[in-house]
Amino acid sequence: MIPIAKPLIGDEEKQAVLEVLDSGMLAQGPRVKAFEEAFAEMCGVKYAVATSSGTTALHVSLLAHGIGPGDEVITSPFTFIASANSVLFVGAKPVFVDIDPVTFNIDPAQIEAAITPRTKAIMPIHLFGLMADMAPIMDIAERHKLVVIEDACQSHGASYQGKRAGAFGTGTFSLYPTKNMTSAEGGMITTSDEVIAESCRVIRQHGMRHRYYHDELGFNFRMTDVHAAIGLAQLYKLQHNNEVRQANARFFNQYLKGVVTPVVPEGCEHVFHQYTVRVSGGRRDALMTYLHDHGVGYGVYYPVPIHKQTYYVKELGYDMSLPEAERAAEEVLSLPVHPALSSQDLETIVATLNDFVGA
Ligand SMILES: *Cc1c(COP(=O)(O)O)cnc(C)c1O
């Protein structure tokens, strides 16, 4: 089976982990600091704050911006559950706006209609490796004095009009093994705002500015030096691995038939966390079976939009229709695009899919 995702771990990561283990200092320390500095540089921001996961990066960012009970955060329903759940963790309410059917990202033209006196933030998700349409989003945020928290958990190294993901608002990244780079588990917050960066560091560590003095409520959301060692080694390979993903995507764009292939808007660098096609006419389930039977792994991200998840409907009372997100959930299918694919794998994926559609 050609896997849908595969982390590429080499001697660099292994060596770096052994060095940390031999040092005897395992918890958050000099490796985390080095990783934060290198990650901030990659994004083109002043500060990065490492956390234990992408989910905790989102959670901490919202808290650092003072978002809490009574506040609303405008976001996309077509994403991993952690995006919206982080808003619930701080006691605020996710307000869902439908997506642009071409990019799968939040439709900026529908954001303003969702703004109320309670709205505090917009949280665009840069889904599948493609950044949301940030120019109109930043414009709306500025006019309505809203915070922007980017969920860049799938977009390490992606850019929009020459500026990297995580450099527009407060950026949040996941370092889970299936992402474009990993630290096994881990997360990163990016910002050029010194006050926000410091607040994130304090919330990450028990609300502690001075050792054993706690002026606010915090958590243990730290990253360990063991994880940071892996993450730093992975960061050095990010550019190359993203280029391999892009080359794989170009191959698919050229040869796949009978499905809608991804579009890259002008001025965007797509880093293809996922290569996601649309399969219309109710053929997707048959295609899934066919791919499985022919040894091609795939993913459906995501089969249920968040406003239709049972917890949101039954417990939180969401009762709304967002037609483009719902249609995407029925039609999307992601093919393996990761840098561990061989050219034989690429040929197999194309041949299998084209056989299915009869091309
Ligand atoms: C992976 C992911 C997250 C959560 O990251 P974890 O590291 O798994 O906690 C959040 N949002 C999106 C869009 C993701 O893809």
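Guide: Helices (H or I, at least four residues) and strands (E, at least two) are DSSP runs, numbered from the N terminus. This is a predicted model, where local features need pLDDT of at least 70, side-chain atom pairs count only at pLDDT 80 or more, and totals for chains, interfaces and linings use all residues. Residues are numbered from 1 along each chain as its sequence is written, and side-chain values use heavy atoms, leaving out hydrogens and water.

Visitor: Okay, where do I find Phe 104?

Guide: Look in the loop between strand S3 (93-96) and strand S4 (119-123).

Visitor: Why is Phe 104 called buried?

Guide: Buried means under 20% relative accessible area, exposed over 50%, and partly exposed in between (1.4 Å probe, protein chains only). Phe 104 has a relative accessible area of 8%, so it counts as buried.

Visitor: What does Phe 104 touch?

Guide: Contact means heavy atoms within 4.5 Å. Not counting residues up to four places away in sequence, Phe 104 touches several residues, among them Phe 78, Leu 127, Arg 278 and Val 332. Also, Phe 104 and Pro 262 sit 158 residues apart in sequence and 9.6 Å apart in space, C-alpha to C-alpha.

Visitor: How do you know that Gln 161 counts as exposed?

Guide: Its relative accessibility is 57%, so Gln 161 lands in the exposed class. You'll spot Gln 161 in the loop between strand S6 (159-160) and strand S7 (163-164). Its phi is near 45°, a positive value in a residue other than glycine.

Visitor: And what makes His 206 partly exposed?

Guide: His 206 has a relative accessible area of 35%, so partly exposed is the label. His 206 is in the loop between helix H6 (194-204) and strand S10 (208-210), and its phi, near 60°, is positive too.

Visitor: How do you know that the reach of helix H11 is close to the expected one?

Guide: The expected span of a helix is 1.5 Å times one less than its number of residues. H11 (residues 343-357) has 15 residues and reaches 22 Å from its first C-alpha to its last, close to the expected 21 Å.

Visitor: Which residues of H11 are buried?

Guide: They include Leu 346, Ile 349 and Val 350. Part of their cover comes from helix H7 (225-255), helix H8 (284-293) and strand S14 (332-335). Just after H11, Gly 358 takes a positive phi of about 80°.

Visitor: Which bond joins Tyr 301 and Tyr 302?

Guide: A cis peptide bond, with omega about 10°. Tyr 302 belongs to the loop between H8 and helix H9 (310-315).
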